[in-house]
Amino acid sequence: MTLFIYAKKVFLNHQWFEDQKLEIDAQGVLISMKSAFAPSHEKTIDMVVPSLANLHSHAFQWPMAGLTEYCSSHQDSFWTWRDIMYQFLNKVEPEDLAIIAKALYIEMLKNGYTEVGEFHYLHKDAQGNPYQQPDLLSVSMIEAAIEVGINICHLPVFYQYGGFNKTAAGDGQKRFLLSDHQYADLVHSLRSRYQQHHQVKIGMAPHSLRAVDVGDLKELCLDLADNQPVHIHISEQLSEVEQCLKVYQKRPVELLYSELDVNAQWCLVHATHLNEHEVEQIAKSQAVVGICPTTEANLGDGIFPLSKFSDLKGNWGIGSDSHISVNMVEELRWLEYAQRLQMHRRNVYASSDKPMTAINLFYDAYKGGNQALGNTNSGLEIGKKANLLALKIPDQFLPCNSDQIFSKFIFSSRNNWIQDVMVSGHWVIQQGQHPLDEQLPMQLKKVMKKILSH
Ligand SMILES: [Zn+2]
C-alpha cells in the first residue's frame, strides 16, 4: 500500500522544503516528494528530517551506564572503568542480553537512530566456554534488532590477546576470545543466515591493535567481501599509543595504514590521539572515524581533532558506545562543545559558505554513519527505503525559520522533539511509543536486579 506523509518542513539533500507530500511505496521506498498541503482529514507533521546511524554500540554495557560514577581508585581512568565492566559482564547471560538489546534499541529509535553498528565481543559463557550454538549471542542481538524494527550492522569482534606483543588475555577477557578459525566460522555462519534479510548486515571487527596480531589481521582482511564494513577501536587512550610505539615503533594509525589497505569500508572508532600525518592519512583514505563524544568524555579519553579533519574533508559519524547517553542530540552538542572549549572559539563546525553549525554536524553524521554501516539503500533520499524522524516543533518557535528551529533542536532542546520514527517505510515509533513499551521495562528491571545482586 502506498503511504503519503504531509509535512510543513522537510530536510532533504541538505536543503529545506516547505509544505511537502512524500510518497512511500509498498516496498517502503520514498518515490516522490511534491509541494502540497494535507487534505483536512490527514495529519501534517511539523518537520521531517533524516534519522542517524549509531555506528558504535556495546549493548551489554548499557545497564551499567551511570553506575561507575564514584571513586574506585586513587586515580580513576578508562582502565579502572574497564575492570568494573569486566566484572559486570560476567553476570550477563544470553536471555538477559536479548532483553537489554531490545530495550536499548527501542531507546535508540526514540532518540533518532534507525541503524545500529553493534560491535559485539561477548561470544562465550561466563567460564569462557563456547555455547553449544557458537553464534548464540550474536544471533540473539540480531533477532532483538529485527523484533524492535531497527536496522543492524552486526560487527562480530575478533579478540585474541590481552595487550600488545601477544600478551595473554586476562580472566576478564575470557568471554571474548576466539581462534582465527572460530572467528571465520562465526562470520561465515552469520552471513549465510542473514544474507537475504533487508534489516541485517554482517561486518567484521578486529577489536583493536592491542587485542589482535597484525599478521592475523591481514589474513582476516583477505576474507572481506566488497562493501563489507570493517570496524576497529584505535588510539582511544594515550597509553595505547605509547605501548604501540614501544612494540612497533609506530603509532596505531600509522601501523594500521602501513600494513593494510584502509579504505572507505573501514570505520576507525575513536581515533582520538592523532598526529597531523595520521589525520591526513585517515581523511585521504575515505575511512570513517567513529566519534563517540559522550563516552569519550565519560571515560576521559580525549578530544578528536575535528576541525583539522574536516578541513581535509574527512568522513565521520557518531556512536553511543557505552551508552552513557543514548541521544544523538547530546552527542552532536558534546562534539561541537569539546572543540569550542579546546579552541576557545564558537561555531567550530561551520564556515562562511556553510554557516549553520547544527545542520553541518547533523548532515555529516548522517552521511558518515550510513557509510560506516554499509547502508546504501535506506535514508531520507528519493529512491531509498525511507528512514526518517517526525519532529514536533514547540509552538513558540514557529516564527523561526527552518535553520533556526533545527538549531534550537540540536543546541537547546531539553525534551525530546522526536514524535514518530520510520524505518524502511514503516512507523516503528508513534507518538513517542513503541509496541513493546508495555512489557520490556518489567523484564529489564528483573535483569537489573540480577546483575546488581552479588
Ligand atoms: Zn567501543
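This is a predicted model: local features need pLDDT of at least 70, side-chain atom pairs count only at pLDDT 80 or more; totals for chains, interfaces and linings use all residues.
User: Is His56 buried or exposed, and what of His58?
Analyst: Buried means under 20% relative accessible area. His56 and His58 are each buried.

User: How many cavities of 30 Å³ or more does a search of the whole structure find, and what is the volume of the largest cavity?
Analyst: The search finds four such cavities. The volume of the largest cavity is about 160 Å³.

User: Which residues are closest to the centre of the largest cavity?
Analyst: The lining of this cavity has 19 residues. By class they are eight nonpolar, seven polar and four charged.

User: Which helix gives the most to the lining of the largest cavity?
Analyst: The helix spans residues 78-89. Five residues of the lining come from it. The helix is H1.

User: How much space lies in the second largest cavity?
Analyst: Its lining includes Gln61, Met64, Trp81 and His323. Four lining residues are nonpolar, six polar and one charged. The space is about 50 Å³.

User: How much space lies in the largest pocket, and which residues are closest to its centre?
Analyst: About 520 Å³ of space lies in this pocket. Its lining has 19 residues. Closest to the centre are Ser310, Lys313, Tyr349, Lys354 and Asp364.

User: Which element supplies the largest share of the lining of the largest pocket?
Analyst: Helix H10 (306-311), strand E13 (315-318) and helix H12 (357-372) each supply at least two residues. The largest share is four residues. That share comes from H12.

User: How do the residues lining the largest pocket divide into nonpolar, polar and charged?
Analyst: Lys and Asp count as charged. Lys313, Lys354 and Asp364 are among the residues closest to the centre. The lining divides into four nonpolar, eight polar and seven charged residues.

User: What space lies in the second largest pocket, and which residues are closest to its centre?
Analyst: About 420 Å³ of space lies in this pocket. It is lined by 18 residues. Closest to its centre are Arg191, Gln195, Val200, Lys201 and Ile202.

User: Which element gives the largest share of the lining of the second largest pocket?
Analyst: Helix H4 (180-194) and strand E8 (200-202) each give two or more residues. By class, the lining has five nonpolar, 10 polar and three charged residues. The largest share is four residues, and it comes from H4.

User: Why does His434 count as buried?
Analyst: His434 lies in the loop between strand E18 (426-429) and helix H14 (440-452). The cut-off for buried is under 20% relative accessible area. His434 counts as buried because its relative accessible area is 8%.

User: Which residue has its backbone oxygen 2.9 Å from a polar atom of the His434 side chain?
Analyst: Beyond four places in sequence, His434 is in contact with Ile106, Leu109, Lys110, Val148, Val428 and Ile429. One of these has the backbone oxygen in question. The residue is Val148.

User: Why does Tyr161 count as buried?
Analyst: Tyr161 is found in the loop between E7 and H4. Beyond four places in sequence, it touches residues including Lys166, Arg210 and Asp213. Buried means under 20%. Tyr161 qualifies because its relative accessibility is 19%.

User: What is phi of Lys166, and is the value positive or negative?
Analyst: Lys166 lies in the loop between strand E7 (151-158) and H4. Most residues other than glycine have a negative phi. Lys166 is not a glycine, yet its phi is positive, at about 55 degrees.

User: Is Asn227 buried or exposed?
Analyst: Asn227 lies in the loop between helix H5 (214-222) and strand E10 (230-234). Its phi is positive, near 65 degrees. Exposed means over 50% relative accessible area. With a relative accessible area of 64%, Asn227 is exposed.

Technical notes
Residues are numbered from 1 along each chain as its sequence is written. Side-chain values use heavy atoms; hydrogens and water are left out. Buried means under 20% relative accessible area, exposed over 50%, partly exposed in between (1.4 Å probe, protein chains only). A polar contact is a pair of N or O atoms within 3.5 Å; within protein, one must be able to donate a hydrogen and the other to accept it, and residues adjacent in sequence count only if both atoms are side-chain atoms. Contact means heavy atoms within 4.5 Å. On a 1 Å grid over the protein atoms alone, a cavity is a set of points where a 1.4 Å probe fits but cannot get out, and a pocket is an open set with protein on both sides within 12 Å along at least five of seven lines; lining residues have an atom within 4 Å of a point. Grid points are joined across faces, edges and corners, and a volume is the space filled by probe spheres set on the points.
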